[in-house]
Structure formats: C-alpha cells, structure tokens
Amino acid sequence: MERIPILRIGEFLLVTIQVDMHDQLAMNLQDDLSSRIQTTGARGVLLDISGLDMVDSFMGRMIANISALSRVLDATTVVVGMQPAVAITLVELGMTLPGVRTALNAELGMQMLSSAVASEESADGGHRTG
Amino acid sequence: MAATGQASEVELQTEQDVVRARQAVRKLTQDLKFGLVDQTKLVTAASELARNAVIHGGGGRMEWEVLSDKSRVGVRLHFIDQGPGIPDIQLAMTDGWTSGTGLGLGLSGAKRLSNEFELDTQPGRGTRVSITRWK
C-alpha cells in the first residue's frame, strides 16, 4: 500500500509530504505516525508540507489530528513550510488550526522542537516519566 | 457572457478521482493564468465538492467551462451526483454541521472560496453544485 515515509532523526521524526494526497493516504499517515511515535519514543514530529500546493478541510483535519495525537503521546508536532497561498485559502475555508504549532521552514521548526523538548525536560527535572 | 466552447469533465467515483479533479482544476486555472491564490482557492473548493460528490452523493462527475466576457475570464465548475440529495440546505450550509465524519466546512467553505455559488438539490434526486471564480 502507498505510504508517506517517516524518517527518524535522533529523538525526532521527520515527515515530508511531497505528493498530492488522497484521503486514504492521509489516514494512513496518521496511523503510521502514531505507532512510530509509540515505538520510537520520539519527542517531536516535524511535518513538512512545503510540497503541498493545497490543503483542504480533510487534510487540515489530518494535520490537526496529528498534532493532537502526538501531544497525547508526549511528543510535540511542528508543521513547517506552508505556502502562503495555502495559508490564505485554509483560513478563508474556515480552518485556523488552533493548537497546531507552525514554523516558516524546517530549520526554524527544528529549533522550535529542540527548545520545546528542552523546556519540558527542565520542567520535570530532566527525567522523562512514562 | 459566453462560454468559449471548451467543456470537459472528470468522473468522480473514488478518492483518486478527487485528486484528479484537483489536478484538472489546477491545470485549467494555470492555463488561464490565474494568480496562485486564485488557483489555490478554486482547487481547494473543487476538492471539497468533489469529495462530497464521492462520499455523500455516491459518485458523480465534475464538469467545467471557461467563461469570458469583455473584461474578464472565469472558470465555472459543476459537481453533479445522483445521490440522496440534501434535505435541509440551510443546515448543510452551516459551518461545522456535518452528516458524516468531516468538519462540516465543505459546502460553506467552497462557497466562501468562490465568487458565485449555486446549489440545486432535492431529496432523492441528487445534487448539483456550481461554483464560479473570475480571474
């Protein structure tokens, strides 16, 4: 079955969407990512959507779901690289992605993930529970 | 306003057809030199309505026509299915209302992304949604 690759880089997972996704592919990604977070114990997910030339309500919901489920699994998701035309359209469509962290590009997204993980670790005394 | 004679269609039966519909609208608006934001808005509206036709309408088709009058060029898309129709249009047009598992932004969102929007539906007789975006 068609799959979007999930790469592990240290304690983070990297997902780059480069194809025009049909709905099942988006659902598969959600499922795959949650099991990868669980098996790897990843602390963060970088979701790069710079290759997407449109995001409709279904994909927007997938992005929101990934962000929410990673939070429940003790990982932070940062969505990076949204094209301006996509952002304008998504907001006009009625999706503002509340609670989803975003960064302009992958480099800034990585910085955001690193500092998010660092501040969590200092908050709980450097020990990860669970 | 007169159609320039170009008209074509995409079958809408599967999720992959939704992708094909998006790609057809992207190509059409690129060929007509729509701006990137206008392209993206129409492609996104098409994706919502194509998915509706597949999921709620039990399949159908998208037809398109290129419109031109003296000063402007536009694209009109028709999404036609022979599904169960929409019993309560006002409810279906409400943001956040959904009969399925979606977010309920399909119809209302597609309307916001278009310059013109027409909905023709009757219970048991299918649904036809037409949207137009001018360049």
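This is a predicted model: local features need pLDDT of at least 70, side-chain atom pairs count only at pLDDT 80 or more; totals for chains, interfaces and linings use all residues.
**View 1**

**View 1. Two helices of chain A side by side.**
Helix α1 (residues 23-40) and helix α2 (residues 57-72) of chain A have axes that come within 10 Å and cross at roughly 5°. Because angles under 35 degrees count as roughly parallel, α1(A) is described as roughly parallel to α2(A). From α1(A), the residues A:D23, A:A26, A:L29, A:Q30, A:L33, A:S34 and A:I37 take part in the contact, and in α2(A) they meet A:F58, A:M59, A:M62, A:N65, A:I66, A:L69 and A:S70. Sorted by class, the residues of this contact between α1(A) and α2(A) comprise nine nonpolar, four polar and one charged.

**View 2. The surroundings of A:T76.**
Residue A:T76 is found in strand β4 of chain A. Is A:T76 buried or exposed? A residue counts as buried if 20 or more other C-beta atoms lie within 10 Å of its own, and A:T76 counts as buried because it has 20 C-beta neighbours inside 10 Å. When its neighbours within four places in sequence are left aside, A:T76 is in contact with A:R43, A:G44, A:S70, A:R101, A:L113, A:A116 and A:V117.

**View 3. The contact of chain A with chain B.**
The contact takes 18 residues from chain A and 24 residues from chain B. On the side of chain A that touches chain B, the helices α1, α2 and α3 (84-93) of chain A each supply at least two residues. Which element gives the largest share of this side of chain A? That share comes from α3(A), which contributes six residues. By class, the side of chain A that touches chain B has seven nonpolar, five polar and six charged residues.

**View 4. Antiparallel strands of chain B.**
Chain B has four helices and five strands, and from the N terminus on its elements run β-α-α-β-β-α-α-β-β. Strand β2 (residues 60-68) of chain B runs antiparallel to β3(B), and nine bridges join the two; these strands form a hairpin with four residues between them. Within this pairing, B:E63 stands opposite B:H78 in β3(B). Strand β3 (residues 73-81) of chain B is also joined by eight bridges to strand β5 (residues 127-134) of chain B, again in an antiparallel arrangement, and here the bridge partner of B:H78 in β5(B) is B:S130. Strand β4 (residues 116-121) of chain B pairs with β5(B) in the antiparallel sense over six bridges, with B:D120 opposite B:R128 in β5(B). The hairpin of β4(B) and β5(B) has five residues between the strands, and in this hairpin B:G124 takes a positive phi near 85°.

**View 5. The largest nonpolar core.**
In soluble globular proteins, nonpolar side chains tend to be buried together. The largest nonpolar core here has 57 residues, of which A:V45, A:L47, B:A46, B:L49 and B:A50 touch the most other members. Helix α2 (residues 36-55) of chain B provides the largest share of this core, nine residues. Residues up to four places away in sequence not being counted, B:A50 touches B:L12, B:V18, B:A21, B:M62 and B:F79. Over chain B as a whole, 40% of the 135 residues count as buried.

Note on methods:
Residues are numbered from 1 along each chain as its sequence is written. Chains are lettered from A and ligands numbered from 1 in the order in which they are written. Axes are lines fitted to C-alpha atoms, for helices over the stretch in contact, and angles run from 0 to 180 degrees between N-to-C directions. Angles under 35 degrees count as roughly parallel, over 145 as roughly antiparallel, 65 to 115 as roughly perpendicular and the rest as oblique. Two residues are in contact if their C-beta atoms, placed from the backbone, lie within 7 Å. Ala, Val, Leu, Ile, Met, Phe, Trp, Tyr, Cys and Pro count as nonpolar, Asp, Glu, Lys and Arg as charged, and the others, Gly among them, as polar. Two strands pair if DSSP finds at least two bridges between them. A nonpolar core is a set of buried Ala, Val, Leu, Ile, Met, Phe, Trp, Tyr and Cys residues joined through C-beta atoms within 7 Å. A residue is buried if 20 or more other C-beta atoms lie within 10 Å of its own, exposed if 12 or fewer, and partly exposed in between; C-beta atoms are placed from the backbone.
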